[in-house]
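Here are my notes on the model, as numbered points. Please read them with the structure open.

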Amino acid sequence: MRSLVVYESLFGNTDAVAHAIAEGLSRYGEVAVLTPDAADPEEVRAADLLVVGTPTHARGLPRASSWANGKPETVPRGAGRLVRDWLIDVSTGDGRPATAFATRLDKPRWLTGSAARGIARRLRRRGWSRVATPTSFVVLGTKGPLRDGELDRARAWGDALAVVATGSALVQS
Ligand SMILES: Cc1cc2nc3c(=O)[nH]c(=O)nc-3n(C[C@H](O)[C@H](O)[C@H](O)COP(=O)(O)O)c2cc1C
């Protein structure tokens, strides 16, 4: 199974989570971890499982303006391409499995929101089928760090995703 993890990250926390998820997935096959600029249609076409994540900004997916608020001296990693924009015309899933993750602050979920839900909704609209509930990983402050144990949880989540995605591929074949 080939998995593709696509993410963006201002301060490095979502980057670390994306790589931990990929570590979990890698026990079951090849994994590419890419920012939107590198995740071209060929990469997406080759993916048996797609996992997409961002930080949570203003309760949803980052925008160019929220990047500028958070870290004015940078442009988004990925030569300025945002996951929000990448999802507009990402190759259709044709029922292939996908799911979403986000990082968010360590406060009640109703207060913080989570980008994961919005990402999952966009994936569904593009014809990807939901392989797992969208999940958030928690940071202790805007710049991090991640709460203790979150990278272990991300690895375990990646592992579990691969098991479910492999199972559904077997059922479909
Ligand atoms: C402009 C901006 C808006 C934010 N809004 C939210 C928010 O609505 N809810 C939340 O939980 N965290 C919010 N955060 C904190 C982010 O969740 C945190 O910076 C992010 O998870 C860190 O991930 P990163 O290191 O990959 O950028 C915001 C951060 C910035 C910079």
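1. A residue is called buried if 20 or more other C-beta atoms lie within 10 Å of its own, exposed if 12 or fewer, and partly exposed in between, with C-beta atoms placed from the backbone. Helices (H or I, at least four residues) and strands (E, at least two) are DSSP runs, numbered from the N terminus. In α6, the residues that count as buried are Ala 115, Ala 116, Gly 118, Ile 119, Ala 120 and Leu 123.

2. This is a predicted model, in which local features need pLDDT of at least 70 and side-chain atom pairs count only at pLDDT 80 or more, while totals for chains, interfaces and linings use all residues. Residues are numbered from 1 along each chain as its sequence is written.

3. Contact here requires C-beta atoms, placed from the backbone, within 7 Å. The cover over the buried residues of α6 includes β3, β4, β5 (129-130) and β6. Setting aside neighbours within four places in sequence, Ile 119 is in contact with Val 52, Thr 54, Leu 61, Leu 87, Ala 100 and Pro 134.

4. Gly 118 lies in helix α6. Gly 118 counts as buried because 21 other C-beta atoms lie within 10 Å. Not counting residues up to four places away in sequence, Gly 118 touches Gly 60 and Leu 61. Just after α6, Gly 127 has a positive phi of about 90°.

5. A nonpolar core is a set of buried Ala, Val, Leu, Ile, Met, Phe, Trp, Tyr and Cys residues joined through C-beta atoms within 7 Å. The largest one has 42 residues, and Val 5, Ile 21, Leu 50, Val 51, Val 52, Phe 101 and Ile 119 have the most contacts inside it. Elements giving two or more residues to this core include β1 (3-7), β3 (49-55), α6 (115-125) and α7 (150-172). The most comes from α1, with 6 residues.

6. β1, α1 and β2 form a right-handed β-α-β unit (with the strands pointing away from the viewer, the path from the first strand over the helix to the second runs clockwise). β1 and β2 run parallel and are joined by 4 bridges; pairing requires at least two DSSP bridges. Val 6 stands opposite Leu 34 in β2. The covered face of β2 has Val 31 and Val 33, and the uncovered one has Ala 32 and Leu 34.

7. Around the ligand there are 23 residues, of which Phe 11, Asn 13, Thr 14, Gly 70 and Thr 112 come nearest. Two or more residues of this shell come from each of α1 (13-25), α3 (64-70) and β4 (97-105).

Definitions and conventions: A residue is near a molecule or strand if its C-beta atom, placed from the backbone, lies within 6 Å of it. Two residues are in contact if their C-beta atoms, placed from the backbone, lie within 7 Å.
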